[in-house]
Amino acid sequence: MKLTVKHLGFSYDRRRVILEDVNFSLAGTGIYCILGKNGTGKSTLLKCIVGEHGGTGRVLLDGKERSTYGQRELAKKIAYIPQTHTPTFPFRVLDVVMMGRTAHMRYFGSPGAREAEIALHHLRFLGIAHLSAQPYTNISGGERQLVLLAAALTQQPEFLILDEPTAHLDFGNAHRFLDLVLRLHAQGIGILMTTHFPDHALYLSAETLVLKDKTLWKHGAAEEVIDEAGMSALYGLPVHIAQIGTRTVCVGGDIA
């Protein structure tokens with residue numbers, strides 16, 4: 001799938017412009033990271049792409065306006081996981097994941113054995129099958145993020161859009177999640193994610209988009225976009241790029 005954004009803009013009112021004239025095009029099977037300071041519109045950009053926010057400009061999926069897709073058709077193209085989700089009803093985790101199959105079921109159909117097996121397959125893939133019978137309201141924020149990812153995978157989308165997917169994860173689980181992104185990419189799924197950490201983009205060798213001053217400031221390979229001068233200007237503190245073994249890392253702050 002090809003995602004194209006043309007002249008995208010968004011404002012909450014005429015005086016509070018969040019994004020203006022954002023343009024880019026992404027091929028469907030890559031890994032893409034969006035960087036930017038707090039308040040630069042990373043989450044807003046994703047919501048405009050999936051249609052949660054209106055905004056101005058155009059969003060095209062395979063050359064076709066996103067707004068012309070029906071809900072079921074769109075669900076087979078993209079799956080979106082927000083940064084936070086507050087559960088309301090104590091559905092079982094397995095039931096939450098099976099909801100991702102809606103786009104593939106008959107209208108008014110009920111999930112059956114096939115939907116349950118597909119859901120369990122993705123829970124096992126993510127290492128959280130032991131949560132399947134737990135109420136969704138009783139698990140941690142990090143576990144909910146993985147459950148939502150399992151539900152998104154049951155949609156069998158071509159493209160995953162993730163807003164700060166490591167926000168509720170500890171250091172170890174955040175690293176495991178990045179490895180999971182690489183595994184999903186190896187299966188042919190395209191991934192667009194926001195992150196606060198340049199290291200994530202470097203670890204994933206992601207094509208990187210940087211938001212600054214309400215628009216797209218830089219776009220390119222992580223190792224080209226993430227440099228000391230650019231990241232220092234973006235985040236307002238000294239930033240150093242270093243090599244540790246085979247990895248390139250980005251370190252913020254003064255180094256004695």
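Buried means under 20% relative accessible area, exposed means over 50%, and partly exposed lies in between (1.4 Å probe, protein chains only). This is a predicted model, where local features need pLDDT of at least 70, side-chain atom pairs count only at pLDDT 80 or more, and totals for chains, interfaces and linings use all residues. Residues are numbered from 1 along each chain as its sequence is written, and side-chain values use heavy atoms, with hydrogens and water left out.

**Salt bridges**

- Side chains of opposite charge can pair when their charged atoms come close.
- A salt bridge here is a side-chain nitrogen of Lys or Arg within 4 Å of a carboxyl oxygen of Asp or Glu.
- The structure holds eight of them.
- One links arginine 58 to glutamate 65, with 2.6 Å between the closest N and O atoms.
- Arginine 58 is partly exposed because its relative accessibility is 38%. Glutamate 65, at 25%, is also partly exposed.
- Lysine 212 and aspartate 213 form another, at 3.3 Å from N to O.
- Aspartate 213 has a relative accessible area of 58%, so this residue is exposed. Lysine 212 has 21% and is partly exposed.
- Lysine 218 pairs with aspartate 227, and their closest N and O atoms are 3.7 Å apart.
- Aspartate 227 counts as partly exposed because its relative accessibility is 28%. Lysine 218 is partly exposed at 23%.
- Shared partners join the salt bridges of Asp62, Lys77 and Glu158 into one network.

**Lysine 77**

- Helices (H or I, at least four residues) and strands (E, at least two) are DSSP runs, numbered from the N terminus.
- Lysine 77 sits in helix H2, residues 71-77.
- Is lysine 77 buried or exposed? Its relative accessibility is 13%, so lysine 77 counts as buried.
- Contact means heavy atoms within 4.5 Å. Leaving aside neighbours within four places in sequence, the contacts of lysine 77 include Met1, Tyr69, Asp62 and Glu158.

**Nonpolar cores**

- In soluble globular proteins, nonpolar side chains tend to be buried together.
- A nonpolar core is a set of buried Ala, Val, Leu, Ile, Met, Phe, Trp, Tyr and Cys residues joined through side-chain atoms within 4.5 Å.
- The largest core has 50 residues, and Leu149, Leu160 and Leu184 have the most contacts inside it.
- Helix H5 (residues 141-154) gives the most to this core: seven residues.
- Another core lies apart from it, with 29 residues, among them Leu3, Ile18, Ile34 and Val50.
- Beyond neighbours within four places in sequence, leucine 184 is in contact with Phe125, Leu149, Leu153, Leu160, Ile189 and Ile191.

**A four-stranded sheet**

- Two strands pair if DSSP finds at least two bridges between them.
- Four strands form an open sheet in the order S2-S1-S4-S5, with antiparallel pairing.
- Strand S2 (16-26) and strand S5 (64-65) are the edges, and each pairs on one side only.
- Five bridges join strand S1 (residues 3-13) to strand S4 (residues 56-61) in the antiparallel sense.
- Leucine 3 has leucine 61 in S4 as its bridge partner.

**Glycine 253**

- Glycine 253 lies in the segment after strand S12 (247-252).
- Glycine 253 is buried because its relative accessible area is 18%.
- Which residues does glycine 253 touch, not counting those up to four places away in sequence? They are Leu237, Pro238 and His240.
- Glycine 253 and alanine 133 are 120 residues apart along the chain, and their C-alpha atoms are separated by 45 Å.
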